[in-house]
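Here is a brief report on helix packing and the nonpolar core. Please read it alongside the model.

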Amino acid sequence: MANESSRRRKSVAWVGPWLRQVRLDENKETTEQVAARLGVGRSSVSRMESGASSIPADDLPLVLRAYDVSPSRFAARAAKRAACPQRDSSHRAAFEEPR
């Protein structure tokens with residue numbers, strides 16, 4: 001994934017848990033399958049999805065491809081999150097797609 005200089009630019013906390021919902025609800029894949037596409041261990045994917053580790057911004061395009069999420073879909077999700085920053089990210093509605 002990204003080199004050390006890009007590690008300072010991190011994604012926000014909702015991204016990993018949202019990708020986990022995508023993986024479970026839509027893709028029906030295992031963490032092992034995603035890890036293989038990313039070239040990392042299953043535990044790295046688990047930490048990313050739980051929010052225990054964030055996704056370096058430079059790695060985000062690669063991660064989105066691994067989850068079969070288009071940049072435009074991600075941008076729409078980010079815009080919705082920005083419009084409702086007070087929403088608790090653990091709430092189920094935080095993962096709903098914009099309509």
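In this predicted model, the largest nonpolar core holds 18 residues. Leu19, Tyr67, Val69 and Phe74 have the most contacts inside this core. Helices α1, α2 (31-38), α3 and α4 (60-66) each supply at least two of the core's residues. Nonpolar side chains tend to be buried together in soluble globular proteins.

Phe74 touches Trp14, Val15, Trp18, Leu60, Leu64 and Val69. That list leaves out residues up to four places away in sequence.

Next, the helix pairs. Two packed helices are described by the angle between their axes and the distance between the axes.

| Helix pair | Axes come within | Crossing angle |
|---|---|---|
| α1 (residues 15-27) and α5 (residues 71-83) | 12 Å | roughly 125° |
| α1 and α3 (residues 42-50) | 6 Å | roughly 115° |

Take α1 with α5. Their axes cross at roughly 125°, which makes α1 oblique to α5. The crossing is right-handed. On the α1 side, Val15, Trp18, Val22 and Glu26 make the contact. On the α5 side, the contact residues are Arg73, Phe74 and Arg77. By class, this contact of α1 with α5 has four nonpolar and three charged residues, and no polar ones.

Now α1 with α3. The axes of α1 and α3 cross at roughly 115°, so α1 is roughly perpendicular to α3. Helix α1 contributes Gly16, Pro17, Arg20 and Arg23 to the contact. Helix α3 contributes Met48, Glu49 and Ser50. The residues of the α1 contact with α3 divide into two nonpolar, two polar and three charged.

Note on methods
Residues numbered from 1 in each chain as written. Predicted model: local features only at pLDDT ≥ 70, side-chain atom pairs only at ≥ 80, totals over all residues. Heavy atoms only, no water. Axes fitted to C-alpha atoms, helices over the stretch in contact; angles between N-to-C directions. Helix = DSSP H or I, 4+ residues; strand = E, 2+ residues; numbered from the N terminus. Parallel < 35°, antiparallel > 145°, perpendicular 65-115°, else oblique. Left-handed = near helix turned anticlockwise from the far one by under 90°. Contact = heavy atoms within 4.5 Å. Nonpolar A, V, L, I, M, F, W, Y, C, P; charged D, E, K, R; others polar. Core = buried A, V, L, I, M, F, W, Y, C linked by side-chain atoms within 4.5 Å. Buried < 20%, exposed > 50% of the residue type's maximum accessible area, 1.4 Å probe, protein only.
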